[in-house]
Amino acid sequence: MAGGSLAALALAAGPAAFAQGRAVYKDAAAPIPLRVADLMAHMTLEEKVAQIRTAWAAKGDMIDDLAFNPAKASAAFPDGIGHVTRPSDKRGVPGITGAAGGTAARWRTPAETVAFINALQRWAVEDTRLGIPVLLHEESLHGYMATEATMFPQAIALAGSFDLDLMRRTQSVIARETRARGVPLVLSPVVDIVRDPRWGRIEETWGEDPYLAAEMGVAAVEGLQGPGKFERLADGKVFATLKHMTGHGQPESGNNVAPAQLSERELRENFFPPFREVVRRTSIGAVMPSYNEIDGVPSHANTWLLGDVLRGEWGFDGIIASDYGGVHELATLHHVARDLEDAAHQALKAGVDSELPEGQAFATLTEAVRAGRVSQSLIDTACARMLAFKFRCGLFENPYGDAALAESITGNAEARTLALEAARKGVCLLTNRNGALPLDRTTMGRVAVIGPNHAIARLGGYSSVPKQTTSLIEGLRAIAPDADFVTAQGVFITTSEDRSADEITLADRAENLRLIAEAVKVAKTADTIILAIGDTEQTSREGFAKNHLGDRTNIDILGEQNDLVDALAMLGKPLIVAAYNGRPPSWPNVIAKADAVLECWYPGQEGGIAVAEALLGDINPGAKLPVTVVRNAGQVPFFYNHKPSARRGYLFDDKAPLFAFGHGLSYTTFAISPPRAAKQRFGRDEDITAEVTVTNTGTRAGDEVVQLYITRTNLSVSRPVLELKGFERVTLQAGEVRTLSFHIPARQLAIWNDALEEVNEPGPVTLHAGGSSDTLSSTLVEII
């Protein structure tokens with residue numbers, strides 16, 4: 001720490017003295033720990049508390065309409081502002097409350113965003129006592145959630161691509177579009193594994209498998225931040241935030257924020273690995289605790305989870321930022337804290353450094369420290385981490401956005417091309433009876449394009465308004481301008497398209513039945529039917545409050561959509577379903593009656609082109625399912641990597657899933673050999689290596705995702721029937737043969753034994769390879 005005389009001088013002199021270069025913390029060449037220590041020595045308690053708080057609705061106290069007002073900011077924030085939430089939205093402007101997305105009216109333009117950020121930072125650097133710049137964060141689940149930014153396919157679709165290079169490239173575009181506006185921190189990726197399709201946030205995840213979630217998570221973080229370990233953030237990059245630690249993806253009854261009934265073994269074997277792997281392999285900037293509780297302890301107050309495991313065992317050295325409202329909910333929802341001050345105290349002790357989105361619980365801390373109820377050291381620790389993070393972001397050197405750069409790169413042709421590639425690689429062919437797809441332009445005749453999702457671009461949750469979008473019918477007409485397309489609405493799903501709406505009402509049944517009759521009339525004039533059905537951004541979403549729900553007990557298709565399927569199927573014409581959805585397609589009636597089903601998920605701004613290309617055979621679908629698709633909610637939870645004692649069967653129902661994890665068809669066919677291990681026996685500290693040969697046995701080029709699984713038996717604890725340990729997506733020409741090499745590190749063969757120790761026990765290992773978890777061939781090796 002700096003000496004007492006320097007600290008006294010700093011407090012007395014104000015910004016002018018520091019501008020003369022006497023403050024070490026303003027020396028860009030000084031080590032970050034030294035800069036932090038020097039700055040902390042100059043700070044008052046009030047200034048330290050300000051650094052761990054955040055302003056969202058409080059943006060209203062620093063603006064006139066949309067313009068930043070320095071005088072208002074100085075009056076409202078005399079001790080500076082540590083952190084501002086989502087500068088791109090208009091929260092704080094009269095009449096704007098949730099700002100959850102949907103319409104441009106809720107968002108600043110790119111130029112307005114940069115103007116606000118730059119004015120805010122000029123005030124912070126030039127007009128506050130210590131000149132500490134402000135940290136800003138934004139959402140970026142599948143694109144920077146801000147006006148005109150590129151909207152890629154939803155997270156679950158990106159996971160289904162099984163393409164790590166694609167993930168890095170999409171996240172790199174997200175990073176540069178965000179950083180250009182002056183924002184160095186994003187709240188993504190979500191690396192929770194998910195095991196419940198009733199949960200409305202399933203679309204935000206990489207799926208059910210810990211290995212897939214880990215690899216996708218690492219690739220996403222590398223794209224956002226840059227690869228490997230580093231101290232300072234590079235230009236054009238942003239720090240990522242791992243969400244949500246943990247157990248969030250298997251909530252009780254499928255209800256968002258509900259308790260996660262998970263043992264420590266379950267956490268360590270399945271829910272921890274994606275977080276741990278990202279921390280091990282990257283310089284991940286931030287981690288966000290989950291809303292739920294585990295064994296009675298909410299994550300935001302869980303010293304074992306955030307302290308012993310995350311910071312202790314794994315050595316995480318970034319910041320822990322609360323989920324929105326997660327700190328005050330210790331008092332208002334979980335009732336483990338007496339009041340907001342107690343909630344703030346518990347969160348600080350657990351290791352939470354920054355309270356999002358508003359800092360209302362942390363606002364009590366100054367008085368609590370003065371009264372001796374909270375230790376000053378807790379404030380100092382959190383503040384020091386936040387300051388170190390700002391130094392790592394380079395904010396003290398350049399906290400500003402670049403409006404011209406943002407204009408040139410946001411949603412540009414390069415980004416749009418990548419969004420189209422991502423949409424193409426996320427499309428998954430679920431069924432294709434008698435080769436119904438692809439459609440042949442010369443023989444398909446008149447095509448009726450029907451359904452609630454045929455003329456709207458479904459982007460999914462955590463989306464803003466991109467520069468352009470393409471719906472399915474627009475895509476079809478663009479790539480087949482001479483084809484004869486006729487359209488009909490078929491049904492409406494809900495009564496509005498406002499994804500910010502709290503109350504959601506299904507569309508009127510009588511009106512939908514009338515629309516179905518109209519659709520049948522249109523379809524009778526056609527030779528082929530394309531039916532675009534599924535979800536909306538209202539029917540599958542984050543339920544963040546009791547008056548804003550997003551979870552469902554019914555996981556089949558909603559409203560009168562099954563009636564529409566039944567009516568069209570009775571016509572006896574080829575019926576092709578394009579599924580637009582955020583949750584898995586547990587639609588047994590649709591699957592039974594459609595000639596082909598193409599899983600599109602929410603395919604992003606260019607999805608209309610990509611889906612049209614897949615339907616007409618211009619591209620060959622190659623994605624796979626990153627989740628198991630159940631037949632009905634009675635099978636939940638259902639995941640492929642279950643224990644041997646599970647899935648015995650049910651009376652009067654099929655125990656098999658509707659679709660297995662890793663499933664996905666192609667317009668060509670592939671043969672995948674059994675794995676060929678490098679040797680028969682491996683030591684416990686050795687990596688297992690194996691080769692797999694894949695052959696395109698069909699008549700056209702296509703993509704296959706070769707998946708490598710293991711089964712372990714005869715150990716001290718039971719193990720899953722299958723565990724994914726490798727995958728590779730390859731493009732093969734007709735008749736082409738390729739040999740792939742797989743490498744399983746010894747650490748990924750370790751188990752948590754009967755004493756809950758992580759060891760690699762000896763015993764047999766079955767290696768499996770195939771194009772899906774239910775179409776595998778095997779080889780036996782042994783660990784000695």
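**Entry 1: glutamine 225.** I first located glutamine 225, which is found in helix α9 (residues 210-225); helices are DSSP runs of H or I with at least four residues, numbered from the N terminus. The model is predicted, so local features need pLDDT of at least 70 and side-chain atom pairs count only at pLDDT 80 or more, whereas totals for chains, interfaces and linings use all residues. Residues are numbered from 1 along each chain as its sequence is written, and side-chain values use heavy atoms, with hydrogens and water left out.

I then looked up burial, defined as under 20% relative accessible area (1.4 Å probe, protein chains only). Glutamine 225 counts as buried because its relative accessibility is 2%.

Next I examined the side chain of glutamine 225. One of its polar atoms lies 2.9 Å from the backbone nitrogen of alanine 240. The side chain of glutamine 225 also reaches the backbone nitrogen of glycine 285, at 2.9 Å.

I listed contacts (heavy atoms within 4.5 Å). Leaving aside neighbours within four places in sequence, glutamine 225 touches residues including Phe230, Leu233, Phe239, Ser283 and Ile284.

**Entry 2: cysteines.** I searched for disulfides, meaning pairs of cysteine sulfur atoms within 2.5 Å. The count comes to zero.

Cysteine 383 is buried, with a relative accessible area of 0%.

I noted that cysteine 428 is in no disulfide either, the nearest cysteine sulfur, that of cysteine 600, being 9.9 Å away. Cysteine 428 counts as buried, at 0% relative accessibility.

How values were computed: Helix = DSSP H or I, 4+ residues; strand = E, 2+ residues; numbered from the N terminus. Buried < 20%, exposed > 50% of the residue type's maximum accessible area, 1.4 Å probe, protein only. Polar contact = N/O pair within 3.5 Å; in protein donor to acceptor, adjacent residues only side chain to side chain.
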